[in-house]
Amino acid sequence: RAKVKLMDVVMNEKAATGENFELVLSGWFDQLEQSGDSAVLEFIEFILESSAWKGKLSLEDVNAENIGHVVHRLGNNIGIGPYPICSHARPHKNFKTNLSLFIRTFAVQYVAKRMTSDDFFHELLLPWINALTASAWRAFRHTATLIAMNFVTGLASILDKKTTTVEQHMSQLNAEKAKSRQKVSSQRLEILESQIDELSEEITMIMEIVTGISGEVLKHRAKDYRPEVRSTAVNQLGEWMTQFKSEFVQDKYLKYLGWALHDKAHDVRLGSLNALSGVFDDSQNHTSLTDFIERFKDRLVELTRDVDERVTVATFRILEQLTEFDPLDESTIDTVSKLMLVDSTTRSHEAGRFFWKTRLADENIQVEGREFASGVFGRGSLHSPVGHVVRGSPRRHGIGVCGGFSLGARPRA
C-alpha cells in the first residue's frame, strides 16, 4: 500500500476528518518507533510544506546544530503568493481549519502513545517549531505559530481531563483513608496512590511542553509585528483558557488579552474580546478576573467607541457579561449609555440594549403615558422604550434631556 503524505491528508477535503487524522497519525507514530529520524523528517517537511515551501529536506538539516540558519536558508524556497493558511484559493479554502484539527489530533495521539518522555519532541521537533515561529519569513512564522498554539490547545483539553481524574482519585483516596481500620482496603489504597502518581507524572511532563511553548511562542508572537500572527496567538490563547481554565485563566496569561485590547489591528482587538467573552461566560472564572477587570475596565469602556463595528458590538456584550458579576459604577454606566444618542445605528442600538439591561430591566417604568412592567421587553428589542429612544429624537422622549429621568438616575415612580 502506497504511503500517504501528511500534507495530502490535510489538503484532501473528503479525508480531512478527525477519524482519518487519527488513523494516519497512528501509522506515523508506529513509524516513529521503528525509524525515528525518517518520521521526524517527514513531519518537519509537512510543517514546511504547510507554509508553501517547496524542496527537499535532509537528515543533516533536521539534525543541524543551528536550526535558525537552516530555516533562513529554506525560506528562499517559499512559493510566491499567499501561503495556505492565508490563501482564499479553492484548494486552501479550509486548510487552516483542517491543519488546526490535525495538530490537535496529533497532540492527543502524542499523549496516548505515551511519547511525553521521548526525546524526539524536546530535542528535535520543539526546537524546529520554535525556530520557525521566530523566522523572518512570515509564511514560516505564521504557520508555525498556528501549529504550536494548536498543539497546546490539544494538550490543554487532555490536561483538564487528567487533572479532574486526579482530583476524583484524591477524593476517593481520602474517603478510603477515613474508613475504620477494619474496613480499609489496602489494595484499593495502593491502586489509587499508583494511579495518582502516574497521572501526576504525566501532567508534569505535559506542562513542561506547555510552559516551553508559551514561553517561546506566545510571549513573542503575541507581540509580532504582523497582525495576522498576533491574531493567531490571541485567538488560540482564548482556546487554551476554555480548555483548561484552572491553569490559563490567570493574570500571567490574561495580560496578553488585555494588551491585545490596545492593538492597532481591528482583528486582534476583536479576537481578544471574543476570547474574553468565553472566559467571562464561565462563572467559575469570575474570582480569577478581579485584577484583570481593575486594570482593563477603562479600556473596555473606550472600545464602545471603536471605529470597527464588530469590536463595538463585542465590547457591549463583554460589558453586559461583566455586570452579571462585577457591577459597573454609576458614572461608567452613564458614559456608556449616553452612546444611545450618537449617530451610529449599531452603536446606539447596542447602547440602548446596555441601558435597558443596567437601568430599566428590573424597573416598572412609564414612557409616553404608558406603564411597562419589568421584563415586558426583550433585551435590546427595538420595540422597547429604549428602542424608541434609539430610533427617535431623545428630546421628543425626554430621556437624558428634560424628561422624567436622566441617564444618571433611576426612573421616578
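Predicted model: local features only at pLDDT ≥ 70, side-chain atom pairs only at ≥ 80, totals over all residues.
The backbone oxygen of Leu146 lies 2.9 Å from a polar atom of the Asn150 side chain. Residues are numbered from 1 along each chain as its sequence is written, and side-chain values use heavy atoms, with hydrogens and water left out.

Back to Asn150. This residue is part of helix H8, residues 138–177. Helices here are DSSP runs of H or I with at least four residues, numbered from the N terminus. Is Asn150 buried or exposed? Asn150 counts as buried, at 0% relative accessibility. Buried means under 20% relative accessible area, exposed means over 50%, and partly exposed is in between, with a 1.4 Å probe and protein chains only. The Asn150 side chain also makes a polar contact with the side chain of Ser100, at 3.2 Å. A polar contact is a pair of N or O atoms within 3.5 Å; within protein, one must be able to donate a hydrogen and the other to accept it, and residues adjacent in sequence count only if both atoms are side-chain atoms.

Another buried residue is Leu273, with a relative accessible area of 1%. Leu273 sits in helix H13, residues 266–280.

Now the salt bridges. A salt bridge is a side-chain nitrogen of Lys or Arg within 4 Å of a carboxyl oxygen of Asp or Glu. By this rule the count comes to 19. I will go through three of them.

In one, Glu49 pairs with Lys5, with the closest N and O atoms 3.2 Å apart. Glu49 is in helix H3 (residues 36–49) and Lys5 is in the segment before helix H1 (6–11), so the bridge ties together parts that are 44 residues apart in sequence. Glu49 counts as buried at 17% relative accessibility, while Lys5 counts as partly exposed at 42%.

In another, Arg310 pairs with Asp267, and the closest N and O atoms are 3.0 Å apart. This pair links distant parts of the chain, with Arg310 in helix H15 (residues 309–325) and Asp267 in helix H13, 43 residues apart. Arg310 is partly exposed, at 41%, and Asp267 is partly exposed, at 44%.

My last pair is Arg317 with Glu350, where the closest N and O atoms are 2.4 Å apart. Arg317 lies in helix H15 and Glu350 in helix H17 (residues 345–360), so this pair ties together parts 33 residues apart in sequence. Salt bridges that share partners join Arg317, Glu320, Glu350 and Arg353 into one network. Arg317 is partly exposed, at 29%, whereas Glu350 is buried, at 5%.

Finally, the surface. Where do Asp251, Asp291, Glu294, Asp298 and Asp329 gather? They gather in a patch of negative charge on the surface. For a charge patch, residues need over 30% relative accessible area and no salt bridge, and like charges are joined within 9 Å. Asp and Glu count as negative; the place of a charge is CG of Asp or CD of Glu. Accessible areas come from the Shrake-Rupley method with a 1.4 Å probe. Helix H14, residues 290–302, gives the most to this patch, with three residues. Glu294 lies in helix H14 and is exposed, with a relative accessible area of 66%.

How values were computed. Patch = residues over 30% accessible without salt bridge, like charges linked within 9 Å, V, L, I, M, F, W, Y side chains within 5 Å. Helix = DSSP H or I, 4+ residues; strand = E, 2+ residues; numbered from the N terminus.
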